[in-house]
Amino acid sequence: MELEELRQRIKKDFENTKLNLQTLSELRAQYLGKKGPIQEMLLDMKNLPNEEKPKLGEKVNALKTLATELFEAKKKEIEERAIEEQLSKEKVDVTLPGKEINQGSIHVLTKVIEEVEDLFIGMGYEVKDGPEVEQDLYNFQYLNIPKGHPARAMQDTFYVDVDRLLRSQTSAVQARTMLEFGGNKDVRIICPGRAYRRDDDDATHSHEFTQIEGLVVNKDVTMAELKGTLTIMAKRLFGEDREIRLRPSYFPFTEPSIEVDVSCFKCHGKGCGLCKGTGWIEILGAGMVNNNVLEMCGYDPKVYQGFAFGVGAERIAMLKYGIEDIRSLYANDLRQNKQFK
Ligand code: DAH
């Protein structure tokens, strides 16, 4: 093959813009390999007269150098192009607006529970748990409400079978704890949790709700400590300048029993729509643990006494944050939740 023609072909082939690494290395094998035209020319030289050898040798070597350089240049070009393509594909546009990370918020009921837990843990209480499918025994009988007792009518209950029910009050945990503690250990617990009643749902009633139960049993606890404890709770939840008042009431598991009102935090006692003109808002039930309950649960009422209280977390949340419909607490509407970040 004519040397000049070969040179043109090598140039044209190596400068082809469509080459990739694979086809490029095939080209190198084709022109520079052992069976390629350049090698062939070098071998053929032995048949030439000696004086022509150097001249031709120089030309063929120049051609070999050219092919090698073209190969290297093209290889570099292809590799750089690949890197550039990758970089432009992966380019990060730092001027784009960031993606908003959706930060959750604590549900208002959880917030209330955590606030009450915090307060009572700080006063040496232990947080207890109990089952929501409860035995009639703990929900009623150990709490001085035997079968057929009229007080059962106060709590319309979902029964699972004759002996089991969805607990109608977290007070069930009182009996469980006293029995667990065995009649000779001091008790100081709160128990937040769900309770269930066959109520028709409306703005202020829900068949499923949340109570926080409190129980203290020891040898010298008095009603004064109950009042002090509830005052601290009312101030913590509704503001430092709150006061409470106690009204006599009836619960089978306490004697005496009281209902507790907090001074209205909206009108400060003058009377408004929230307190229905009385200046006071009812927040919970409480009392001194009934001797029958202590006795049934293994504590000697001549030695031990106790106080107990039960407060609705929904009621606290609604009063505190001006929530008008209890059902909105279970609707999972993020617009409500987001307000409590
Ligand atoms: N369990 C009562 C209820 O659901 C509330 C209650 C009242 C709990 C007095 C108590 C208590 O522990 O002493 O209506």
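**Stop 1: a residue in β8**

I281 is buried, with a relative accessible area of 3%; buried means under 20% relative accessible area, exposed over 50% and partly exposed in between, with a 1.4 Å probe and protein chains only. You'll find I281 in strand β8; strands here are DSSP runs of E with at least two residues, helices are runs of H or I with at least four residues, and both are numbered from the N terminus.

Before you go on, two notes on what you're looking at. This is a predicted model, in which local features need pLDDT of at least 70 and side-chain atom pairs count only at pLDDT 80 or more, while totals for chains, interfaces and linings use all residues. Residues are numbered from 1 along each chain as its sequence is written, and side-chain values use heavy atoms, with hydrogens and water left out.

**Stop 2: zoom out to the domains**

Now colour by domain: the assignment gives domain 1 (3-89) and domain 2 (108-340), with bounds that come from an automatic or database domain assignment. Draw a line between the two centres, taken over C-alpha atoms, and you get 92 Å.

**Stop 3: the sheet**

Show the strands as cartoon. What is the order of the strands in the open sheet? Reading across, the 7 strands go β1-β4-β5-β9-β8-β7-β6, with mixed pairing. Two strands count as paired if DSSP finds at least two bridges between them. At the edges stand β1 (126-127) and β6 (244-251), each with a single partner strand, so one side of each has no neighbour in the sheet.

Next, select β5 (208-218). Of its 11 residues, 10 are buried, so β5 is largely enclosed by the rest of the structure. One partner is β4 (residues 187-196), which pairs with β5 in the antiparallel sense over 10 bridges. Another is β9 (305-312): β5 and β9 run antiparallel and are joined by 8 bridges. Then hop across to β8 (280-289), which is also antiparallel to β9, with 5 bridges between them.

- R188 stands opposite V216 in β5.
- V216, in turn, stands opposite F307 in β9.
- F307 is also the bridge partner of M288.
- L215 has A308 as its bridge partner in β9.

**Stop 4: the ligand**

Select the ligand and everything around it. Which residues come nearest to the ligand? Of the 16 residues around it, they are Q169, Q174, R197, Q211 and E213; a residue belongs here if one of its heavy atoms lies within 4 Å. By type, the shell divides into 5 nonpolar, 9 polar and 2 charged residues. In that count, Ala, Val, Leu, Ile, Met, Phe, Trp, Tyr, Cys and Pro are nonpolar, Asp, Glu, Lys and Arg are charged, and the others, Gly among them, are polar.

Now look at individual contacts. An N or O atom in the side chain of Q169 sits 2.7 Å from a nitrogen atom of the ligand. With Q174, a polar side-chain atom lies 2.9 Å from a ligand oxygen. F309 takes part through its backbone, where an N or O atom lies 3.4 Å from an oxygen atom of the ligand. How much of the ligand does the protein cover? The figure is 91% of the 350 Å² of accessible area that the ligand has on its own, by the Shrake-Rupley method with a 1.4 Å probe. The elements giving two or more residues to this shell are β5, β8 and β9.

**Stop 5**

Start with N218 in strand β5. At 7% relative accessibility N218 counts as buried, and its side chain reaches the backbone nitrogen of V221 at 2.7 Å.

Move to G306 in β9, buried at a relative accessible area of 2%.

Finish at R152, in the loop between α6 (136-139) and β3 (164-166). R152 is buried too, with a relative accessible area of 14%. Its side chain makes a polar contact of 2.7 Å with the side chain of D136; such a contact is a pair of N or O atoms within 3.5 Å, and within protein one must be able to donate a hydrogen and the other to accept it, with residues adjacent in sequence counting only if both atoms are side-chain atoms. The side chain of R152 also reaches the backbone oxygen of I145 at 3.1 Å.
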